[in-house]
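Biologist: I'm new to this one. Could you put the structure up and walk me through it?

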Amino acid sequence: MPLPLRDYFKDLLAHYGPQHWWPGESPFEVMVGAVLTQGAAWSNVEKAIRNLKAYDLLDPGRIHELDEDTLALAIKPAGYFRVKARRLKNLVAWFVVRHGADVEKLRALRPDLLREELLEVKGVGPETADSILLYALGIPSFVVDTYTHRVMTRHGLAGEDTGYDDLKETFERALPRDAALYNEFHALIVAVGKEFCRPTARCETCPLRARLP
Ligand code: SF4
């Protein structure tokens, strides 16, 4: 029997309304944000992106040429800034050297091969890769995170040890292949995860309480 994930989506959308993700003025800005947001609050990512814009650095060629220390200072508000500077340089090097910093070239590739390429970039894990595919490029690749895992396990739709790819596949099998739907659904899961499905669950008032087993 197909999982009732569309009903989860309807409940969440009715409660929260559209989330308008991902805030970013260009695909490249979203790519940068996908690296900076690793383990960081979005408000801090915004500060780092504001810095990059203020120094006129939000450009693939400029970041590619920039030394890592200067980049690290510019993105300091996002935390783990030295690690993230290296990761960002790796991602941008791949984008510039391999694909000529051309977003359309990325979109023209086979999505599964593009995902593999992204996962080969040091510092890009599945969540970052799928965020880039979905939110920067509009390619339907469902993004999974800690909130997704928590909601799914608490509702008996996944096991504690269900891994990233299995969870992603569960969503992609249950839903039509639709980037707008994946975009909104992931954003709504983050919203419910932050407000209700916290380490201590707040089920009494949660919009998904009727879906509990
Ligand atoms: S808070 Fe409770 S009802 Fe809401 S998603 Fe988590 S487990 Fe489900």
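Modeller: A residue counts as near a molecule if one of its heavy atoms lies within 4 Å of it. This is a predicted model, where local features need pLDDT of at least 70, side-chain atom pairs count only at pLDDT 80 or more, and totals for chains, interfaces and linings use all residues. Residues are numbered from 1 along each chain as its sequence is written, and side-chain values use heavy atoms, with hydrogens and water left out.

Biologist: Which residues are around the ligand?

Modeller: Ala, Val, Leu, Ile, Met, Phe, Trp, Tyr, Cys and Pro count as nonpolar, Asp, Glu, Lys and Arg as charged, and the others, Gly among them, as polar. On that basis the shell splits into six nonpolar, one polar and three charged residues. By name, they're Arg154, His155, Phe196, Cys197, Arg202, Cys203, Cys206, Leu208, Arg209 and Leu212.

Biologist: How many of the 10 residues of α2 are buried?

Modeller: Helices are DSSP runs of H or I with at least four residues, numbered from the N terminus. Buried means under 20% relative accessible area (1.4 Å probe, protein chains only). The buried residues of α2, including Phe28 and Leu36, pack against α3, α4, α6 and α9. The helix is largely enclosed by the rest of the structure, because the buried count is nine.

Biologist: What joins the side chains of Gln38 and Arg87?

Modeller: Gln38 is in the loop between α2 and α3, and it's buried at 18%. Beyond its neighbours within four places in sequence, Gln38 is in contact (heavy atoms within 4.5 Å) with Lys84, Arg87, Gly123 and Thr128. A polar contact is a pair of N or O atoms within 3.5 Å; within protein, one must be able to donate a hydrogen and the other to accept it, and residues adjacent in sequence count only if both atoms are side-chain atoms. What joins Gln38 and Arg87 is a polar contact of 2.8 Å.

How values were computed: Helices (H or I, at least four residues) and strands (E, at least two) are DSSP runs, numbered from the N terminus. Buried means under 20% relative accessible area, exposed over 50%, partly exposed in between (1.4 Å probe, protein chains only).
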